[in-house]
Amino acid sequence: MDYRIGSASMSDLESAKIVAKKLFETYDRDRNGVIDTTETIPMIVDAYKSFNRSFQPTRGDIDSYSKVMDRNGDGKVTYQDIEELCIKYLCPQYSQQSRQQINKPQDPRIEVARRVFRKYDTDNSGFLNVQEIQKMITEAYRSMGLAQPTYKDVQAWLDVADTNKDGFISLQEFEQFVQKSL
């Protein structure tokens with residue numbers, strides 16, 4: 001894998017985030033928003049290949065690797081975990097406090113969007129699926145005194161918010177939708 005980002009230095013925060021995004025997209029092969037055990041194995045093998053070494057990880061290796069990547073200790077390796085690792089190792093000049101400030105949204109709508117997203121992401125996949133979207137829209141309609149949303153209403157919302165057209169809404173897509181809508 002080539003992680004060069006134009007002429008940007010890898011000590012640059014935005015470059016570290018781009019690397020995190022590429023890593024996550026490369027290894028989250030089933031696109032469920034989590035790098036699980038089977039997806040961790042190719043990460044380990046590729047890391048050793050970069051040093052011209054062949055390596056077949058044991059269960060202990062996989063568990064250790066996953067534990068290091070799971071930065072918040074929730075038992076899942078998410079995009080946020082990978083981003084935090086990339087920032088930690090590619091931008092060591094940022095302290096933990098600096099990283100927390102960087103990741104803190106400046107727009108209050110983003111914090112609300114994140115809370116709503118977490119509430120409806122009931123399977124903690126990092127994505128809203130059609131059923132979770134249906135629940136969210138139904139509750140929104142109810143709170144506004146509107147009738148139950150139709151399938152067309154849900155599909156129309158999904159068509160607008162699902163910018164990469166994968167049938168799911170990522171946190172990033174949801175945040176962008178909220179910023180454009182409110």
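Helices (H or I, at least four residues) and strands (E, at least two) are DSSP runs, numbered from the N terminus. This is a predicted model, where local features need pLDDT of at least 70, side-chain atom pairs count only at pLDDT 80 or more, and totals for chains, interfaces and linings use all residues. Residues are numbered from 1 along each chain as its sequence is written, and side-chain values use heavy atoms, with hydrogens and water left out.

**Exercise 1. Find the annotated spans and describe residues 15–50 and 149–182 by end-to-end distance and helix content.**

Step 1: start with the record. The unreviewed UniProt entry carries the annotation "domain: EF-hand" on residues 15–50, 67–92, 108–143 and 149–182. A caveat here is that UniProt positions are given in the numbering used here, feature names are shortened, and annotations may be inferred rather than shown by experiment.

Step 2: take residues 15–50. This span is 72% helix and 0% strand, and its end C-alpha atoms lie 20 Å apart.

Step 3: zoom out to the protein chain. It has nine helices and two strands, and from the N terminus on they run α-α-α-α-α-α-β-α-α-β-α.

**Exercise 2. Work out how α2 packs on α3, and how α8 packs on α9.**

Step 1: Two packed helices are described by the angle between their axes and the distance between the axes. Axes are lines fitted to C-alpha atoms, for helices over the stretch in contact, and angles run from 0 to 180 degrees between N-to-C directions.

Step 2: get the α2/α3 geometry. Helix α2 (residues 37–49) and helix α3 (residues 59–69) have axes 10 Å apart and pack at about 95°, so α2 is roughly perpendicular to α3. The cut-offs are under 35 degrees for roughly parallel, over 145 for roughly antiparallel, 65 to 115 for roughly perpendicular, and oblique for the rest.

Step 3: list who touches whom (contact means heavy atoms within 4.5 Å). From α2 come Thr-37, Thr-40, Ile-41, Met-43, Ile-44 and Ala-47, which meet Arg-59, Asp-61, Ile-62, Tyr-65, Ser-66 and Met-69 of α3. By class, the contact of α2 with α3 has seven nonpolar, three polar and two charged residues. In this scheme Ala, Val, Leu, Ile, Met, Phe, Trp, Tyr, Cys and Pro count as nonpolar, Asp, Glu, Lys and Arg as charged, and the others, Gly among them, as polar.

Step 4: Trp-157, Val-160 and Ala-161 in α8 meet Glu-173, Phe-174 and Phe-177 in α9. That contact divides into five nonpolar, no polar and one charged residues.

**Exercise 3. Pick out salt bridges and say where their partners sit.**

Step 1: apply the criterion, a side-chain nitrogen of Lys or Arg within 4 Å of a carboxyl oxygen of Asp or Glu. The structure holds five such bridges.

Step 2: take Glu-25 and Lys-21, bridged at 2.6 Å, N to O. Both lie in helix α1 (residues 13–27), four residues apart, about one turn of the helix. Glu-25 is partly exposed at 39%, and Lys-21 is partly exposed at 37%.

Step 3: take Glu-139 and Lys-119, whose closest N and O atoms are 2.7 Å apart. This pair links distant parts of the chain, with Glu-139 in helix α7 (residues 130–143) and Lys-119 in helix α6 (residues 108–120), 20 residues apart.

Key: Buried < 20%, exposed > 50% of the residue type's maximum accessible area, 1.4 Å probe, protein only.
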